[in-house]
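Please examine the structure shown here with attention to its charged and aromatic side chains.

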Amino acid sequence: MNYSDIGILYRTNAQSRPIEQVFIERGIPYAIVGAVEFFRRKEIKDVLAFLRLILNVGDDVSFLRALGLVTKGIGPVAVARLEEIARAEACSMAEVVMGRRYEGALSANQCKALDGLAEILNDLRTMPQDSVKDIVEAVLAKVDFAGKIRQTGDPKTDDRLENLDELTAAALEYDTAGDEGNLQGFLEMVALVSDTDNIERGADRVTLMTLHSAKGLEFPAVIISGLEEGVLPHIFSADDPNGVEEERRLFFVGMTRAMRRLVLTMALRRIRQGRYADSEPSRFLAEIPPEAVEEPLPFTVSSTLRPGAPIVSRGFEPGLNRPIRAEECAEEYGFKVGDYVRHENFGTGKVLKMFRSGSQTRARIFFSQYGERTLALEYANLQVVTE
């Protein structure tokens with residue numbers, strides 16, 4: 001397929017961040033519908049301004065952004081006065097504020113407002129820079145980003161708060177990546193990911209959008225990301241029967257956007273509120289008829305424990321694929337690697353590989369018209385081709 005044949009759908013805009021990051025690292029062109037790239041969203045740029053000031057107090061652009069977030073009553077005249085002081089003392093405006101060199105040059109109320117910013121910047125610049133997650137969380141707390149967003153009354157408040165949580169997740173991922181990183185390395189990574197201007201902007205690009213934005217559109221292939229409790233259905237709707245029903249309808253809308261191929265994915269672990277947590281499969285997965293699934297999840301989903309509460313069979317270990325001996329394959333399934341089999345939808349194909357993944361046996365098969373497919377033999381209903 002072409003890139004433009006593929007649509008990736010998710011419940012909230014914050015979920016685009018890791019997808020964007022990988023696409024940019026691998027040079028895959030994409031377009032986001034109904035939103036801007038993650039690191040260009042307002043609240044993310046606001047936090048990044050403080051992070052940049054921690055490293056470089058001479059960044060006047062970041063300083064002015066931080067100034068507008070924290071202080072009130074500091075208008076153009078007061079900013080011009082800060083610039084005059086900075087020029088006279090051969091320093092940056094941030095250094096003027098951090099050293100409280102504005103006293104006597106501005107009104108008492110303006111000085112009081114700047115005192116708060118000075119305290120925040122001085123505290124942040126004394127923090128160790130080896131844990132980016134700790135620094136991000138400190139910025140969010142000291143500036144009270146969540147409180148400021150809630151005060152705006154923005155109808156997209158929940159989305160903006162989830163973006164902040166996803167930024168914390170990005171910082172934790174960076175900290176645990178294995179390399180000895182620091183704040184400077186994190187900002188360099190952000191600069192790389194943010195530089196989408198060099199990505200091809202032609203028509204052939206993957207489309208990323210929320211499930212809400214996908215209504216009325218169709219793609220040859222659709223990937224729905226985040227089939228987990230708390231994500232889809234969303235955590236704010238999980239305990240409300242009416243809310244869950246609306247989430248179910250939204251999921252159905254996403255599924256029906258696919259013309260030829262539909263892929264449903266979930267994360268085994270997800271960063272929530274700054275820490276890794278095991279994910280619970282979405283209750284909606286248990287409602288899909290097994291016969292409609294080409295490649296089932298390598299664990300079981302059951303809603304028998306309580307209504308709408310799936311459980312995961314803990315026998316599944318990600319990445320644990322065990323090859324099967326040829327004689328064992330022939331005895332159990334009637335065919336082995338190298339044999340030809342027939343599938344109801346894909347036609348005749350050659351078996352390339354057979355292995356066990358968790359409790360399931362799978363086969364990698366090459367079909368002349370559809371390419372390679374990995375099928376769970378429990379559901380594939382393959383027939384051996386003897387001629």
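The questions and answers below concern a predicted model.

Q: Which side chain of opposite charge is nearest to R41, and how far away is it?
A: R41 is placed in the loop between β2 (30–32) and α2 (42–55). R41 is buried and has no salt bridge. The nearest side chain of opposite charge belongs to E20, at 4.0 Å.

Q: With which side chain does the side chain of R41 make a polar contact?
A: Not counting residues up to four places away in sequence, R41 touches several residues, among them N13, A14, S16, E20 and N163. The polar contact made by the R41 side chain has a length of 3.0 Å, and its partner is the side chain of S16.

Q: Is R11 buried or exposed?
A: R11 is found in the loop between β1 (6–10) and α1 (16–26). Leaving aside neighbours within four places in sequence, its contacts include T210, H212, V231, E247 and L250. The cut-off for a buried residue is under 20% relative accessible area. R11 has a relative accessibility of 15%, so R11 counts as buried.

Q: Which side chain is joined to that of R11 by a polar contact of 2.9 Å?
A: E247 is one of the residues in contact with R11 when neighbours within four places in sequence are left aside. The polar contact of 2.9 Å joins the side chain of R11 to that of E247.

Q: What is the geometry of the pair formed by the rings of F50 and F145?
A: The structure holds six aromatic pairs. For F50 and F145, the ring centres are 6.2 Å apart. Planes over 60 degrees apart count as edge-to-face. The planes of these two rings stand at 85°, so the pair is edge-to-face.

Q: How many residues apart in sequence are the parts that F50 and F145 tie together?
A: F50 is buried, with a relative accessible area of 0%, and F145 is also buried, at 3% relative accessibility. F50 belongs to helix α2, whereas F145 belongs to helix α8 (residues 145–152). The pair therefore ties together parts whose separation in sequence is 95 residues.

Q: Over the face of which residue does R269 lie?
A: The distance from R269 to the ring centre is 4.4 Å. The ring concerned is that of Y276.

Q: What is the distance between the closest N and O atoms of D46 and R65?
A: Side chains of opposite charge can pair when their charged atoms come close. D46 is buried, with a relative accessible area of 4%, while R65 is partly exposed, at 29%. D46 lies in helix α2 and R65 in helix α3 (residues 60–70), so their pair ties together parts 19 residues apart in sequence. The two residues form a salt bridge in which the closest N and O atoms are separated by 2.6 Å.

Q: By about how much of the helix are E245 and R249 separated?
A: E245 and R249 form a salt bridge, with the closest N and O atoms 3.9 Å apart. E245 is partly exposed at 32% relative accessible area, and R249 is partly exposed at 43%. Because they are four residues apart in helix α11 (residues 241–255), their separation is about one helical turn.

Q: Which residues are linked with R248 in a network of salt bridges?
A: The side chains of R248 and E287 meet in a salt bridge of 2.8 Å, N to O. R248 lies in helix α11 and E287 in the loop between β7 (275–278) and β8 (301–302), so this pair ties together parts 39 residues apart in sequence. R248 is partly exposed at 26% relative accessibility, as is E287 at 42%. The residues linked with R248 in the network are E245, E246, R249 and E287.

Notes:
Residues numbered from 1 in each chain as written. Predicted model: local features only at pLDDT ≥ 70, side-chain atom pairs only at ≥ 80, totals over all residues. Heavy atoms only, no water. Helix = DSSP H or I, 4+ residues; strand = E, 2+ residues; numbered from the N terminus. Buried < 20%, exposed > 50% of the residue type's maximum accessible area, 1.4 Å probe, protein only. Lys, Arg positive; Asp, Glu negative; His and termini not counted. Polar contact = N/O pair within 3.5 Å; in protein donor to acceptor, adjacent residues only side chain to side chain. Contact = heavy atoms within 4.5 Å. Phe/Tyr/Trp six-rings, centres within 6.5 Å; stacked < 30°, edge-to-face > 60°. Lys NZ or Arg CZ within 6 Å of the ring centre and 35° of its normal.
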